[in-house]
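Have the viewer open and follow along.

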Amino acid sequence: MNSTVLALNFADGWHGFWAGNIGVWILDRGVRIALLLIGGVLAARFINWAAVRIVRRLDAEYMGSDQLVRSESSKHRQAVASVISWVSVALLFVIVLVEITDILAVPIGSLVAPAAVLGAALGFGAQRLVQDLLAGFFIITEKQYGFGDLVALTVTGVTVPAEGTVEDVTLRVTKIRSSEGEMMTIPNGQIVKSVNLSKDWARAVIDIPVPTSADLNEVNDLLHGVADSAYEEPGLRDLLLDAPQLMGVESIELDTVNLRMVARTLPGKQFEVGRRLRVLVIRALRRGGIVSPADGQTPMVAAIPHPAAAAGGSGDETRGAPEQNQ
């Protein structure tokens, strides 16, 4: 009998809870707010998943093709996909916040004064953020660089440019990885100058010092032969857009004359082509008997004498000197 009474009291109390103010608020507004939050989280995860799928598809198209470098359109599409996902999540957050405010029946008029104060505070405190967003917008729309580009970015307050491969571009920051494997995150608003080293095509520049005593006509013939043979090599032909060209004498020094050879390459491949061309140039000059003045000077490495031996040797020399004089 007692258990039946307790069950009836619990049921009446539970029914009374949902009929009360708190229960009505939970059923009327709380459930809607929870559904909005859950839907917003799921939509944000779906947007990120779609962006990742697009990026993977672009990577798969590049890996499955016979291209040695990414196309400019592929780089731009990947950067745009990253930006669109970021902006979509931000807009989704704003929409959910506005809907929750509407459900809670917060009067808009009462928010005017706090919004004005908040806007003034953001105007003074978030100038750098707005500057980063605007700079990132123009970087994306002007196609200054994209995913996979080799860039050199001059940053405010830093004398040495940040060089590396772009791994991510958003409206606020640019992430590049250096040749040592370091990941650098640079706010877009602090970028003063951007140098894209892999835009459409690149150029390998090779300076070749030769002694002033060498016959420049013979050297030119050798280098022209190197340029022709380099364009025919299978390993280099795929990286070169045309045959390397000998520009002639670049500078004259005391004992050397510097000649310059240039070659147009695929984007980002100028360093690899430069290294291979230098090997071919050195090999051709060696075979032609043309060496720099320093090649004839073989460094000598001698043992350091012991101080006692050095002292004894000097004594012998001093004792031997009179005998020789006699």
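## The main core

In this predicted model, the largest nonpolar core is built from 24 residues. Ile208, Val219, Leu223 and Leu277 are the ones with the most contacts inside it. Four elements each supply at least two residues of this core: strand E6 (202-211), helix H6 (216-232), strand E8 (256-265) and helix H8 (270-287). Of these, H8 gives the largest share, with six residues.

Which residues is Leu277 in contact with, leaving aside its neighbours within four places in sequence? They are Ile206, Ala230, Leu236, Pro244 and Ala263.

## A loop residue with positive phi

Now move to the loop between helix H5 (127-141) and strand E1 (150-155), where you will find Lys143. Although Lys143 is not a glycine, its phi is positive, at about 55°.

Is Lys143 buried, partly exposed or exposed? Its relative accessibility is 44%, and the partly exposed class lies between under 20% for buried and over 50% for exposed, so Lys143 counts as partly exposed.

Phe93, Val94, Leu97 and Val98 make a nonpolar surface patch of about 400 Å². One of these residues, Val98, has its place in helix H3, which covers residues 72-103.

Technical notes:
Residues numbered from 1 in each chain as written. Predicted model: local features only at pLDDT ≥ 70, side-chain atom pairs only at ≥ 80, totals over all residues. Heavy atoms only, no water. Patch = residues over 30% accessible without salt bridge, like charges linked within 9 Å, V, L, I, M, F, W, Y side chains within 5 Å. Areas by Shrake-Rupley, 256 points an atom, 1.4 Å probe, with all protein chains shown as cover. Salt bridge = Lys/Arg side-chain N within 4 Å of Asp/Glu carboxyl O. Core = buried A, V, L, I, M, F, W, Y, C linked by side-chain atoms within 4.5 Å. Buried < 20%, exposed > 50% of the residue type's maximum accessible area, 1.4 Å probe, protein only. Contact = heavy atoms within 4.5 Å.
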